[in-house]
Every structure is written in C-alpha cells, then in structure tokens.
Amino acid sequence: MKKVAIIVQTKEGQLSDSSKSLLSYVSSFSPETILLLAIGDVKFSSVPSSKSVDVITLSDGLWTDSSSIEPLTKILEGFTVFGIKSIQVDNLLSLLAASSTQEMISGIQQFTYSGGKYVINKSIFSGKASLSLTTESAAFFSLNRNFDFSNTPDYAEQFIGSISTVNAAIGSHASIIALKPITGAIPLPDAALVVGAGRGLKDPSNWTIVEDLAKALGAATACSKPVSDLNWRPHHEHVGQTGVKISPNLYIACGISGAIQHLAGVNGSRIIVVINNDPEAPFFKHADYGIVGDVNDILPRLTKKLQSH
Ligand SMILES: Cc1cc2nc3c(=O)[nH]c(=O)nc-3n(C[C@H](O)[C@H](O)[C@H](O)COP(=O)(O)OP(=O)(O)OC[C@H]3O[C@@H](n4cnc5c(N)ncnc54)[C@H](O)[C@@H]3O)c2cc1C
C-alpha cells in the first residue's frame, strides 16, 4: 500500500487523544513506518520497536504562505495523508492538495482500506445525507471530528513508547519550527463539545448559566440565529444553515426549538442532548437524549454536578 502520513496535534509534547486514536486507526492497515506531521512541540520517548514513526514538526508559515508548502509537498510525494478536521488541518490539506494536484476528500465519517482502495463514507449537504465512494487516487483525507474510533485497538500507546526516530533529515528539508498553540476560547468549528442556546433563554443576561455549563465541560458556546440577530450573542456563535456548521462529539441544545435551518448546522454532531420545556419541541425528534424542563432549573444543576466531579 501507499506510504501513510498523519497530521497530529500535540499537547505539552505528547499526542492529543484524538491524534492517538487516528494513529491507532491508521496503523491497523498501514505499513511499518508512519510519518507524523506534528502541530506543536514533540517530546516522545525513545524506545526501540519493530514499528517506527518519523516526525516532522510543522511551522507557522505553512498555513499562510503557499510557497513554503513546496518542500513538504515534495516529501509527501507518494504518501496518503490523514488529518482530523480543524481549521488548520483543512487549510494544510487543501494547500497540499492544490500544490500536488492530488485530490482531497473532507467530511469523512468512515473509511477502510481494502484491495488497494480506500472505501469512504462522507457527509454531504450539511450532514443531511452521506455518500459512499471508493478511491485509489485521492491523497488527502480530512476526517470529521466525530469519526467513530470506538472499536479501534489501542496501538497508539505502543507507538508512543516506541517512537525511535525523529527524522532529522526530513525535518531539515521542511525547515520546520514549532507552531504556536491556539490560546483563549475554543474555535467553534474545532470544538469537540458545544453548548448552544436559543430564544428560550429569554434575555442575554441569562447566558451566565450557558457559559457556566460550557466552562464546566470545557465546551465552546453557540447560539441560534435569532439570538445573534437580536445581538444577544456575537454572530460568530450562530450555527445553522446560514451560520457555522459544527460536528462535535457532544452538542447540548438549550431552549432551541430545532428548526430545520438550525439542524442543518448541527446534525453532524455525534451525540445531541436537547433541553426544552416543551415536550413537543421538534428538536426532540433529532435528539439522542432529551430533557423536558426549564433551562433555568436544568443547566445550573448539570453544572453543579459536573463541578462536583
Ligand atoms: C432562510 C433562513 C435561514 C435561517 N438560518 C438559520 C440558522 O442558520 N440557524 C438558526 O438557528 N436559525 C436559522 N433560521 C431561523 C429558524 O427558522 C428558527 O426561527 C430559529 O432557529 C429559532 O430559534 P430558537 O429555537 O432559538 O427560537 P424559538 O423558535 O423561539 O424557540 C425557542 C425554544 O425555547 C423553548 N423554551 C422557551 N423557554 C424555555 C425554558 N425556560 N426552558 C427550556 N426551553 C424553553 C421553547 O419551547 C422553544 O422550543 C433561518 C430561517 C430562515 C428563514
């Protein structure tokens, strides 16, 4: 099979949990050596092993200057490159695809490798439908954040202990320096957990209960369109057909009716929890879990419970 590279995020020098899952998944069908393209510092331990991982640490310039992508494009000739959707990862994959004239496929919900082909299931039409396809030619794959890694054996731990070579020769070609991590609020399209609220909150001053819950979870906050139209919340928080499309692992929708235009932006979420005081609210039909109740009662209780853990 083709050589495989994956884009990974690091935290304090170690692979993030989603990057470990991606490494485990890809290693189950890939050759002995995998190339890691690391966003962030790399401080892996050196233990000899039968499998190995080469590492390139990516520089800031790669995202903004397409000329600096060329050395990396050369290194990645003949590779299939995987990443988990984020603004940075999708930027990088599309730059690489444009620079190499190889195809990029995004919105991937499932894929397997079989008989020399990638068998892919991807979401289309804002997550309202999915498309199955096979490809031999595409080289750049962006996996949805809610990609199901649940049945993946945990190969990553073996790798983490066994990363023996940070390939200096490759690294020097790419003229790489560490990338500054994003600080401050979690960008909505990249968030794994999102708490969204709608007109059911009644007044912008009531948003403290939404923010408190989001803080307790480490989640980003979102809102329905009328809420941002009323200037209760900033426009970049508006999700839906005319706003940001999100695909977190968990979306908690508070006091939102579940209009089709709102669903268009959130139905890529892996698990949807709806809190609404109207048992007939349309959103309940699309929820994995529903709580019929007043947001002013439920949200503080959820926050308190989370804070006590
Ligand atoms: C062309 C077009 C594009 C649109 N694009 C978007 C879009 O991108 N995103 C978007 O969100 N909307 C969009 N809309 C608007 C959409 O149709 C709905 O009007 C909107 O989503 C409703 O917002 P909401 O659920 O916050 O408010 P409402 O419809 O007013 O619903 C409020 C909900 O809160 C519940 N509630 C009230 N009080 C409480 C309480 N105390 N506790 C718990 N629940 C309570 C109510 O039961 C109700 O279900 C668009 C509309 C059009 C026509």
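The side chains of D148 and R270 meet in a salt bridge, with N and O 3.4 Å apart. D148 sits in the loop between β9 and α4 (156-162), and R270 sits in the loop between α8 (260-266) and β13 (271-276), so the pair ties together parts that are 122 residues apart in sequence. This is a predicted model.

## Salt bridges

Why can such pairs form? Side chains of opposite charge can pair when their charged atoms come close. The count for this model comes to six salt bridges.

| Pair | N to O distance | Where the partners lie |
|---|---|---|
| D148 and R270 | 3.4 Å | loop between β9 and α4; loop between α8 and β13 |
| E211 and R233 | 3.0 Å | helix α6; loop between α7 and β12 |

How exposed are the partners? D148 has 40% relative accessibility, so it counts as partly exposed. R270, at 37%, also counts as partly exposed.

Now take the pair E211 and R233, which meet in a salt bridge. E211 belongs to helix α6, while R233 belongs to the loop between α7 (225-229) and β12, so this bridge ties together parts 22 residues apart in sequence. E211 is partly exposed at 35% relative accessibility. R233 has 12% relative accessibility and therefore counts as buried.

K225 is partly exposed, with a relative accessible area of 37%. D229 is partly exposed too, with 45%. Some bridges share partners: E211, R233 and E237 are joined this way into one network.

## Helix α6 and its buried side

Which residues of α6 (208-217) are buried? They are I209, V210, L213 and A214. These residues cover an arc of only 135° around the axis, so they lie on the same side of α6.

Several elements cover those buried residues. Among them are the strands β10 (193-197), β11 (220-223) and β12 (250-254), along with helix α9 (295-307). After α6 comes G218, and its phi is positive, near 75°.

## The five-stranded sheet

In what order do its strands run? The order is β11-β10-β12-β13-β14, in an open sheet of five strands with parallel pairing. β11 and β14 (289-292) are the edge strands, since each pairs on one side only. Neighbouring strands are turned against each other by 15° on average, direction ignored.

Look at one pairing inside the sheet. β10 and β12 pair in the parallel sense over five bridges. A197 has C254 in β12 as its bridge partner.

Helices pack on this sheet. α6 lies across β10, β11 and β12, and runs at about 175° to β10. α9 touches β12, β13 and β14, and its direction makes about 135° with that of β13.

## The largest nonpolar core

Next comes the largest nonpolar core. In soluble globular proteins, nonpolar side chains tend to be buried together. Here, the largest such core holds 26 residues. Which of them touch the most other members? They are I6, V26, L36, F82, F111, F141 and L143.

The largest share, four residues, comes from α1.

V26 shows how the core is joined. Beyond its neighbours within four places in sequence, V26 is in contact with V4, I6, I34, F82 and F111. Of these contacts, I6, F82 and F111 are also on the list of residues that touch the most other core members.

Is N121 buried or exposed? Its relative accessibility is 17%, so N121 counts as buried; the cut-off is under 20%. What does N121 touch, not counting residues up to four places away in sequence? The list is G107, I108, Q109, Q110, S130, L131 and S132.

Conventions
Residues are numbered from 1 along each chain as its sequence is written. This is a predicted model: local features need pLDDT of at least 70, side-chain atom pairs count only at pLDDT 80 or more; totals for chains, interfaces and linings use all residues. Side-chain values use heavy atoms; hydrogens and water are left out. A nonpolar core is a set of buried Ala, Val, Leu, Ile, Met, Phe, Trp, Tyr and Cys residues joined through side-chain atoms within 4.5 Å. Buried means under 20% relative accessible area, exposed over 50%, partly exposed in between (1.4 Å probe, protein chains only). Helices (H or I, at least four residues) and strands (E, at least two) are DSSP runs, numbered from the N terminus. Contact means heavy atoms within 4.5 Å. The arc is that of the directions from the helix axis to the C-beta atoms. A salt bridge is a side-chain nitrogen of Lys or Arg within 4 Å of a carboxyl oxygen of Asp or Glu. Two strands pair if DSSP finds at least two bridges between them. Axes are lines fitted to C-alpha atoms, for helices over the stretch in contact, and angles run from 0 to 180 degrees between N-to-C directions.
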